[in-house]
Amino acid sequence: MPADMHIHTTYSDGGSTPGEIVGMAKLLKLEAIAITDHDTIAGIQQALYAGVANGVEVIPGIELGSYSQGEEIHILGYLVDLSDRLFLEKLAALCEARVYRMKRMIEKLQELGFPVTMEMTKDISGRGSLGRPHLAAAMIKIGAVKTIFEAFEKYIGEGCPAYVSRYKMAPVEAVALIKSAGGAPVLAHPGLNRPGYLLEDLIKAGLAGIEADHPSHSTEQSNYFKRLARQKGLIATGGSDYHSPGHKEGNRFGMTTVPYSVVEELKKRAG
Ligand code: AMP
Ligand code: ZN
Ligand code: FE
Ligand code: FE
């Protein structure tokens, strides 16, 4: 039975609640799913409850954004101890950095004449990870733009007038953090950028796997990363990176899955 190991919810920039995601997984007869929101575990508890109620195994996960050589590198973390103090402190710091950055972006938009406010973006993001997609939604709400794409293109994308960068860890730091919290760190969608130069250092820091199967990877890329995983003694994982039907990459829910044995391997590496 298949498992989808990369899914976003409304707790970051996904369109479905954890409960809805579990319902969709049940319909597709997935045996296990991992909830991997950006920089937050706020949706995990809700997903775990729904999973128990619906007979779908929910694997707690996270997708940490990190930064190296001008590129964003994403590190997935599975089965972390959700009460690990150091881990929670770091997530709180990331959350604070997102709030600080959002305030500065809102100031810039206000200077440009758009009446967006912090309250509007916080209302949209709820308890989850505050990000630019929420700001884009606020801009649509006030009629400043018609689409999220337009908001990114004109105002909040990198290099645009209201863009402000936010604090990000180094990839090795993200891997070490997940490892120290008892989780299994996995390099996300390596085909989207070129993180090959980082691999040896990430392995030294405790990397457990690479996400070989991802909707953005060609068959050749998936095969290449599976071979690489085998060579390096890493687990080849995979997932759909589902956000919502309207998301820019258009990944369908459950379109990329892996055999349940991947979950078992991750469990062996965690802890
Ligand atoms: P943030 O983490 O606040 O910097 O926002 C990054 C998120 O914005 C990504 O996870 C994407 O989901 C979304 N995003 C980035 N660029 C675009 C774009 N051009 N159009 C729509 N969404 C985007
Ligand atoms: Zn996302
Ligand atoms: Fe990602
Ligand atoms: Fe993702």
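Domain 1 (2–83 + 170–269) and domain 2 (91–156) each give at least three residues to the shell around ligand 1. The domain bounds come from an automatic or database domain assignment. This is a predicted model, where local features need pLDDT of at least 70, side-chain atom pairs count only at pLDDT 80 or more, and totals for chains, interfaces and linings use all residues. Residues are numbered from 1 along each chain as its sequence is written, ligands are numbered from 1 in the order in which they are written, and side-chain values use heavy atoms, without hydrogens and water.

The shell (residues with a heavy atom within 4 Å) includes Asp 13, His 38, Phe 152 and Lys 248. Its residues divide into six charged, three polar and three nonpolar. Asp, Glu, Lys and Arg count as charged, and Gly is among the polar ones. Helix 3 (85–111), helix 5 (132–141) and helix 6 (148–156) each supply at least two shell residues.

Next come polar contacts, pairs of N or O atoms within 3.5 Å.

| Residue | Part | Distance to an oxygen atom of ligand 1 |
|---|---|---|
| Arg 101 | side chain | 2.8 Å |
| Arg 132 | backbone | 2.8 Å |
| Arg 166 | side chain | 3.0 Å |

Taken alone, ligand 1 exposes 500 Å², and the protein buries 80% of that. These areas come from the Shrake-Rupley method with a 1.4 Å probe.

Terms used
Polar contact = N/O pair within 3.5 Å; in protein donor to acceptor, adjacent residues only side chain to side chain. Helix = DSSP H or I, 4+ residues; strand = E, 2+ residues; numbered from the N terminus.
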